[in-house]
Amino acid sequence: MPTDYGTTPLEGLPSRVTIWEVGPRDGLQNEAALVPIEVKVEFIERLVDAGHTVVEATSLVHPKWVPQLADAEQVLRRLSRRDGVRYPVLVPNEHGLDRALDLGVTDIAVFASVTESFSEANLNRPVAEALRMFAPVVARAREAGLGVRGYLSMCFGDPWEGEVPVERVVDVASRLVRLGCTELSLGDTIGVATPGRVAAVLDALVDAGIPIQRLAVHFHDTYGQALANTLTALRRGVTVVDASAGGLGGCPYARSATGNLATEDLVWQLAGLGIDTGVDLDKLVETSVWLAAELGRPSPSRTVRALTGG
Ligand SMILES: CC(C)C(=O)C(=O)O
């Protein structure tokens, strides 16, 4: 069966998209069985071999909260980091930043919530307090020359609060920009977004003075909307898209949540549109098939299944 169906561009889309690969962090953090360090390191290195230039490697949160990533330091020490590739790491507080700096990390991400309920559930503190905690982290990281991404969870809906007002997203996003974040990633943590809402949130952020070039999108595919939402964001000028190899991931707070947008599904769509990502789909699929074997279950990515007959 052929795998090349040609490319047909659509007007109004960027010519290049950066994929912010979150599989090793967001994808693996939900795995119940501990994944060995060498598998994590090989996963990251295979992703880079496939052409990724941004691979979110791990998270320096306390192991009590994310036991799967308790080996963050060993993973970072064992990685052979390559020139031209960024390996961002989630950092919750100043202690995490100290560890990141010791480990030679060049890009970090802080993670705020737009809603009070998720802020309490994920960070054990209200939104304002979380932002106060991040202020010195962002300031010191910037002084040290690091790139600082600010994640905003629950931008499009919250499992306790339901609909999330666009103004809340604008408020938290503006505060993260004022703290000094160089980029924001808008998280649809439970995968409930639909394209109209995506457009409305992006338009409101741009109207509030946040340049579209500083916005990335982070969709989960719970209701099968992740690619439609991504296309909407691209039409609005977004050029950084988060995705997880093999569609790994999930959210403990979403009923029957599936994983993040699968990187292979994203690459398939972008390749068909003639948009350059630098990622080799065959190598990526091989990586996801290899990882699925390590995890003992098939990849949920439609593209992986279609290309491997799985
Ligand atoms: C907690 C953040 C980083 C996230 O992964 C999400 O909102 O999906």
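Which helices do the buried residues of helix 11 pack against? The views below take up this question and then turn to the sheet and the ligand. This is a predicted model, in which local features need pLDDT of at least 70 and side-chain atom pairs count only at pLDDT 80 or more, while totals for chains, interfaces and linings use all residues. Residues are numbered from 1 along each chain as its sequence is written, and side-chain values use heavy atoms, with hydrogens and water left out.

**View 1. Helix 11 and its packing partners.** Helices (H or I, at least four residues) and strands (E, at least two) are DSSP runs, numbered from the N terminus. The buried residues of helix 11 pack against helix 2 (37–49), helix 10 (263–272) and helix 12 (302–308); contact means heavy atoms within 4.5 Å. Among these buried residues are Leu 281, Leu 284, Trp 290 and Leu 291 (buried: under 20% relative accessible area, 1.4 Å probe, protein chains only).

**View 2. The two ends of helix 11.** At the start, a side-chain oxygen of Asp 280 comes to within 2.9 Å of the backbone nitrogen of Asp 282. Just after the helix, Gly 296 has a positive phi of about 80°.

View 3. Eight strands are arranged in the order 1-8-7-6-5-4-3-2, with parallel pairing. Strand 1 (18–21) and strand 2 (58–59) are the edge strands, each with a single partner, so one side of each has no neighbour in the sheet. Two strands pair if DSSP finds at least two bridges between them.

View 4. Six of the seven residues of strand 5 (residues 147–153) are buried. Seven bridges join strand 5 to strand 4 (residues 107–113), and four bridges join strand 5 to strand 6. Leu 152 of strand 5 is the bridge partner of Ala 112, and the partner of Leu 152 in strand 6 is Leu 186. Strand 6 (residues 183–188) is in turn joined to strand 7 (residues 215–219) by five bridges, with Leu 184 opposite Leu 215.

**View 5. Surroundings of the ligand.** Arg 25, Asp 26, Tyr 151, Ser 153, Thr 189, His 218 and His 220 surround the ligand, where a residue is near a molecule if one of its heavy atoms lies within 4 Å of it. A polar side-chain atom of Ser 153 lies 2.8 Å from a ligand oxygen atom. For the side chain of His 218, an N or O atom is 3.1 Å from an oxygen atom of the ligand, and for that of Asp 26 the distance is 3.2 Å.

Note on methods:
Buried means under 20% relative accessible area, exposed over 50%, partly exposed in between (1.4 Å probe, protein chains only). A polar contact is a pair of N or O atoms within 3.5 Å; within protein, one must be able to donate a hydrogen and the other to accept it, and residues adjacent in sequence count only if both atoms are side-chain atoms.
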